[in-house]
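Morning, everyone. I have one structure to walk through today. Please have a look at it first.

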Amino acid sequence: MRGRKAFQYAILRVVPSVERGERLNVGVALLCPERRFVGARVALDDERLAALAPGLDAAAVREALEALVAVADGDQAAGPLARLSASERFGWLAAPSSTVIQPSAIHTGLCEDPADTLDHLFATLVLPR
């Protein structure tokens with residue numbers, strides 16, 4: 001069954017210092033319930049991170065981002081969160097957080113192919129131009 005279906009997405013950001021209000025877009029998580037799709041894409045630009053937060057451990061941030069992707073993918077190695085439903089996994093990824101990695105507000109749209117939409121959002125909102 002083709003046709004446009006509703007989706008939700010959140011931008012994943014590194015926020016090294018809440019007080020300074022600076023952040024770096026590092027990923028996107030997307031849910032399209034009607035297509036039974038949840039996914040996340042991440043990329044960490046070490047140079048941009050070092051300029052924003054010279055003391056932040058890029059390897060630790062990268063490891064945390066990879067864990068978020070594993071949860072989105074339902075990878076059993078990611079533990080109990082990966083066994084939740086697609087909607088519950090997205091809800092966990094997009095929930096407000098006070099950690100260094102924080103999601104944006106949830107945005108919505110319509111798409112035909114959620115994987116293509118995720119790739120487009122990732123390229124547009126995260127990857128350097």
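**Helices and a buried glutamine**

Let's start with a pair of helices. The axes of helix α2, residues 58-73, and helix α3, residues 86-94, come within 9 Å and cross at roughly 155°. Angles over 145 degrees count as roughly antiparallel, so that is how α2 and α3 run relative to each other. Who makes the contact? On the α2 side, it is Leu68, Val71, Ala72 and Asp73. On the α3 side, it is Arg89, Trp92 and Leu93. Keep in mind that this is a predicted model.

Next, helix α4, residues 114-125. At 1.5 Å a residue, its 12 residues should span 16 Å. The end C-alpha atoms are 16 Å apart, so the two agree. Which residues of α4 are buried? Pro114, Thr117, Leu118, Leu121 and Phe122. They cover an arc of only 135° around the axis, so they sit on the same side of α4. Residues three or four places apart in an α-helix point the same way, because there are 3.6 residues a turn. The cover over the buried residues of α4 includes strands β1, β2, β3 and β5. At the N-terminal end, Asp113 caps α4. One of its side-chain oxygens lies 2.9 Å from the backbone nitrogen of Ala115.

Last stop: Gln102, in strand β4, residues 101-103. Is Gln102 buried or exposed? Buried, because its relative accessible area is 18%, and the cut-off is under 20%. A polar atom of the Gln102 side chain lies 3.1 Å from the backbone oxygen of Thr99. Beyond its neighbours within four places in sequence, Gln102 is in contact with Ile11, Leu12, Arg13, Val15, Val18 and Ser97.

Note on methods. Residues are numbered from 1 along each chain as its sequence is written. This is a predicted model: local features need pLDDT of at least 70, side-chain atom pairs count only at pLDDT 80 or more; totals for chains, interfaces and linings use all residues. Side-chain values use heavy atoms; hydrogens and water are left out. Helices (H or I, at least four residues) and strands (E, at least two) are DSSP runs, numbered from the N terminus. The expected span of a helix is 1.5 Å times one less than its number of residues. Buried means under 20% relative accessible area, exposed over 50%, partly exposed in between (1.4 Å probe, protein chains only). The arc is that of the directions from the helix axis to the C-beta atoms. Contact means heavy atoms within 4.5 Å. A polar contact is a pair of N or O atoms within 3.5 Å; within protein, one must be able to donate a hydrogen and the other to accept it, and residues adjacent in sequence count only if both atoms are side-chain atoms. Axes are lines fitted to C-alpha atoms, for helices over the stretch in contact, and angles run from 0 to 180 degrees between N-to-C directions. Angles under 35 degrees count as roughly parallel, over 145 as roughly antiparallel, 65 to 115 as roughly perpendicular and the rest as oblique.
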